[in-house]
Amino acid sequence: MNLLLSVEGVRVNYRTERGEITAVRNVSFYVDKGDILGIVGESGSGKSTLAYSVLNYIKPPGKIISGSVKLEGVGDLLKLGKEDVRKVLWKEIAIVPQATQNSMNPTMDVKDHFIDTMAAHGQNDKQKILETANRLLEEVKLDPQIVLSAYPHQLSGGMKQRVLIALSLVFEPKLLILDEPTSALDVVNQRLIMDLLKALHQKMGISIIFITHDIQLIKGFANKVLILYAGKAMELGDVNEVWNTPLNPYTIALLKSIPTLHGDVNSVSGIPGSMPDPYAEITGCPFASRCKFAKPVCFEKDPDFLEYKPGHFSACHFSKDIGDNYG
Amino acid sequence: MKYGYILRRIAILVATLYTVITITFILVRLSPYDPYAYFLSQEASMGIASPSQLAALAEYYYNLIPNQPIYIQYFQYLISVMEGNFGHSLIYPQMTVANIIATRLPWTLYIVITSTVISFFIGTYAGQRLGYKRGGKVDGSIVTFFTVLHSIPIYGMGLILLFFISLKAGLLPSAGAYSANVAPGPNLPFIISVIRHSILPISTFIFGSVGGWTLGMRANTISVLGEDYVNAAELRGIPTSRIASRYVGRNAILPQFTSLVISIGFAFGGAVFVEQIFTYPGIGQMLVTSVGDGDYPVIMGITIIIIAAVLISVLVADLTYQFLDPRVRK
């Protein structure tokens with residue numbers, strides 16, 4: 001009914017000289033219409049790879065081994081041919097990539113980026129394109145008079161970020177993926193972008209997937225959160241529910257690692273150890289070696305990603321106990 | 001663009017040219033051969049005995065008086081060059097150096113520009129294709145081929161073509177700009193003859209430079225293909241052909257363009273070898289002949305033309321680059 005995107009069992013491998021590594025391990029999640037889903041994870045946890053596999057845009061040596069990505073009205077994106085994927089990109093799903101500072105052609109001005117993008121999907125009416133560009137640039141608080149004829153090197157980092165957000169909205173896609181949109185910006189610009197996205201979400205009703213390693217950004221922004229660890233989905237659920245009653249030891253450890261403004265600094269604790277070696281074969285749960293709740297079964301069997309409460313999923317053998325006892 | 005910048009660049013060009021003229025003047029005068037002594041003895045043997053008559057003759061032809069100290073001659077030469085007067089040839093006293101250059105330069109321009117443009121287009125096209133196919137089997141073997149081609153010096157390439165195509169196979173003429181039996185003018189036999197005679201010199205230039213263009217464009221293409229804006233364009237659903245031209249090609253060609261303009265200047269230097277090998281009547285071949293004859297007004301004139309070509313092409317490259325790359329616009 002309300003389901004917009006459902007991702008099931010996506011697995012992505014990278015072939016390297018030292019062997020094959022798994023970047024995304026059978027990840028499943030879904031996005032309802034109007035959702036803002038935050039995807040959180042450490043660097044190297046497979047956040048970006050997961051986002052690009054949703055777009056069926058994994059370049060060699062990476063490969064999508066299995067899974068399905070069903071988008072409402074389109075079908076399974078992973079089954080589409082290259083040309084069909086091209087038509088879906090930007091019209092149905094748009095992404096603002098992580099490297100926004102370099103995501104514009106240095107020899108094209110902003111106006112040409114709009115024209116090129118819209119012409120690629122059959123909109124050749126220059127007048128209409130310029131109207132759209134004007135409207136969207138104003139939407140992201142930029143002056144179209146100045147920005148449209150500017151080249152990328154004449155824009156600041158925050159301006160480029162906003163131009164790319166405006167560019168991602170030209171077809172009002174059903175789903176907008178933002179890959180660490182604020183990581184390269186200072187806190188003032190971060191705030192500006194976050195407020196902007198919130199306003200756009202309310203105004204256009206667009207669904208958003210928001211990727212970040214900054215778990216605090218999620219809290220006030222997203223309504224759902226997906227927590228990734230070493231390419232595995234650890235927990236998925238309503239933001240407040242996950243915050244208040246987490247079902248997964250990794251989430252608990254992650255939340256404990258956030259310093260608060262007023263709280264005691266000593267109550268903040270890091271997670272001992274580091275992410276598993278990607279080349280090593282993991283038999284059990286990837287987090288087991290760092291988990292203080294770990295039991296022998298955790299090293300033998302990889303826990304399934306199960307729904308413990310309505311809309312609240314977790315991958316841990318002991319999620320039920322944790323859910324009963326946390327707090 | 002600021003006029004101050006252009007003026008500064010032109011001032012640098014003039015200063016460079018002046019330095020080059022000075023150095024060339026000194027180098028030529030250091031040569032042990034004394035063409036004036038030869039000229040004077042020739043004239044003397046023809047019956048002009050009076051030293052004052054000889055001096056007047058020398059002044060008429062060469063704009064300078066041989067008995068004067070060398071620094072006076074130097075200043076006189078500088079002044080006459082500024083007036084556009086390069087003097088007379090010592091070997092063909094009835095011809096001015098400017099005349100000689102005017103009849104020779106078009107042939108050099110013809111082969112240099114034609115070959116550079118053809119070579120640039122072939123190399124740029126092949127380079128982009130190879131960049132897209134990087135790492136494959138085709139890429140490896142073609143890169144090796146172009147590297148070998150690029151390593152053969154231009155005179156070696158000229159001799160190879162002359163020997164096999166002209167001497168052994170007899171497919172194309174080996175010397176001159178056109179056959180003796182066609183009438184120069186806008187008629188078909190003459191044009192065909194000119195083209196037939198120019199194929200080998202032009203091919204020599206192309207073979208000598210196409211490897212560089214190809215390898216350069218290939219490297220640029222590979223580097224641009226790794227740029228984020230190419231991925232970003234793909235993610236926006238922009239068609240592959242459009243990305244290849246407007247995103248990859250347009251940015252990869254920028255360094256090539258600068259090289260293109262500059263290489264036209266430097267090809268004038270290469271013309272010395274190629275024209276000599278194919279006895280092609282351009283300024284390069286004239287330069288070699290003049291060096292043999294010790295005809296230094298001509299040597300000086302042609303050297304100045306070649307240097308000026310290099311300097312002007314560098315200036316043109318600098319001034320036009322900003323039209324291609326918005327990042328250097330002022």
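Colleague: At what angle do helix 5 and helix 11 of chain B pack?

Modeller: This is a predicted model. In chain B, helix 5 covers residues 97–132 and helix 11 covers residues 283–293. Their axes are 7 Å apart, and the packing angle is about 130°.

Colleague: Why is helix 5 of chain B described as oblique to helix 11 of chain B?

Modeller: Angles of 65 to 115 degrees count as roughly perpendicular and those over 145 as roughly antiparallel. The two helices pack at about 130°. Helix 5 of chain B is therefore classed, relative to helix 11 of chain B, as oblique.

Colleague: Which residues of helix 11 of chain B make the contact with helix 5 of chain B?

Modeller: Helix 5 contributes B:Ile100, B:Ile101, B:Arg104, B:Leu105 and B:Thr108. The residues of this contact comprise 5 nonpolar, 2 polar and 1 charged. From helix 11 come B:Ile283, B:Gly284 and B:Met286.

Colleague: How far apart do the C-alpha centres of domain 1 and domain 2 of chain B lie?

Modeller: The domain assignment places domain 1 at 12–82 and domain 2 at 103–328. Between the C-alpha centres of these domains of chain B, the distance is 37 Å.

Colleague: Which helix gives the largest share of the side of domain 1 of chain B that touches domain 2 of chain B?

Modeller: Each of the two domains gives 12 residues to their contact. The side belonging to domain 1 has 9 nonpolar, 3 polar and no charged residues. Its largest share, 8 residues, comes from helix 1 of chain B.

Definitions and conventions
Residues are numbered from 1 along each chain as its sequence is written. Chains are lettered from A and ligands numbered from 1 in the order in which they are written. This is a predicted model: local features need pLDDT of at least 70, side-chain atom pairs count only at pLDDT 80 or more; totals for chains, interfaces and linings use all residues. Axes are lines fitted to C-alpha atoms, for helices over the stretch in contact, and angles run from 0 to 180 degrees between N-to-C directions. Helices (H or I, at least four residues) and strands (E, at least two) are DSSP runs, numbered from the N terminus. Angles under 35 degrees count as roughly parallel, over 145 as roughly antiparallel, 65 to 115 as roughly perpendicular and the rest as oblique. Two residues are in contact if their C-beta atoms, placed from the backbone, lie within 7 Å. Ala, Val, Leu, Ile, Met, Phe, Trp, Tyr, Cys and Pro count as nonpolar, Asp, Glu, Lys and Arg as charged, and the others, Gly among them, as polar. Domain bounds come from an automatic or database domain assignment.
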